Amino acid sequence: VKQNTKDVTELETSTARLIEAIEEDRERDQNEIMKAIKDGTAYTLVVRRDILLAQGDLDPHERAELNVLNQKLQELNIN
């Protein structure tokens with residue numbers, strides 16, 4: 001029983017750390033987005049997205065990049 005309690009406590013601690021790391025990543029991403037808006041560089045995201053869309057057949061890396069770009073642009077309300 002003591003071992004199970006210790007394991008659960010360790011799992012809860014690990015989960016809390018993971019959640020904290022995810023929240024920090026989201027905050028960092030949001031800060032980067034806000035900086036991009038402020039700097040006027042958000043439109044480079046549009047240009048890169050349009051270049052990828054124009055290519056047609058995308059490799060998995062490019063497809064992943066396009067998904068990220070679309071998500072970021074959606075967050076910025078830029079279509």
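T5 is partly exposed, with a relative accessible area of 46% (buried means under 20%, exposed over 50%, and partly exposed in between, with a 1.4 Å probe and protein chains only). The model is predicted, and local features need pLDDT of at least 70, side-chain atom pairs count only at pLDDT 80 or more, and totals for chains, interfaces and linings use all residues. Residues are numbered from 1 along each chain as its sequence is written, and side-chain values use heavy atoms, with hydrogens and water left out.

T5 is placed in helix 1 (helices are DSSP runs of H or I with at least four residues, strands are runs of E with at least two, and both are numbered from the N terminus). T5 and I78 are 73 residues apart in sequence. Their C-alpha atoms are 49 Å apart in space.

Helix 1 spans residues 2–39 and includes E23. E23 also belongs to a negative surface patch, together with E20, E24 and E27. Patches are made of residues with over 30% relative accessible area and no salt bridge; like charges are joined within 9 Å, and nonpolar side chains (Val, Leu, Ile, Met, Phe, Trp, Tyr) within 5 Å. Accessible areas come from the Shrake-Rupley method with a 1.4 Å probe, and for residues only the protein chains shown count as cover. Asp and Glu count as negative and Lys and Arg as positive, while His and the chain ends are not counted. The place of a charge is taken as CD of Glu, CG of Asp, NZ of Lys or CZ of Arg.

The whole structure holds four salt bridges (a side-chain nitrogen of Lys or Arg within 4 Å of a carboxyl oxygen of Asp or Glu). One of them joins K72 and D29, at 3.6 Å from N to O. K72 lies in helix 3 (residues 60–75) and D29 in helix 1, so this pair ties together parts that are 43 residues apart in sequence. K72 is buried, at 18% relative accessibility. D29 is partly exposed, at 32%. Beyond its neighbours within four places in sequence, K72 is in contact with D29, I33 and L45 (contact means heavy atoms within 4.5 Å).

A salt bridge also forms between R48 and E65, at 2.8 Å from N to O. This pair links distant parts of the chain, with R48 in helix 2 (residues 42–55) and E65 in helix 3, 17 residues apart. R48 is partly exposed, with a relative accessible area of 28%. E65 is likewise partly exposed, and its relative accessible area is 25%.

D50 and R49 form another salt bridge, with the closest N and O atoms 3.1 Å apart. D50 is partly exposed, with a relative accessible area of 37%. R49 counts as buried, at 10% relative accessibility. The place of R49 is in helix 2. R49 and D25 are 24 residues apart in sequence. In space, their C-alpha atoms lie 23 Å apart.

L52 is also placed in helix 2. The relative accessibility of L52 is 0%, so this residue counts as buried. Not counting residues up to four places away in sequence, L52 touches L58, E62, E65, L66 and L69. Among these, E65 is the salt-bridge partner of R48. E62 is 10 residues from L52 along the chain. The C-alpha atoms of L52 and E62 are separated by 7.2 Å.
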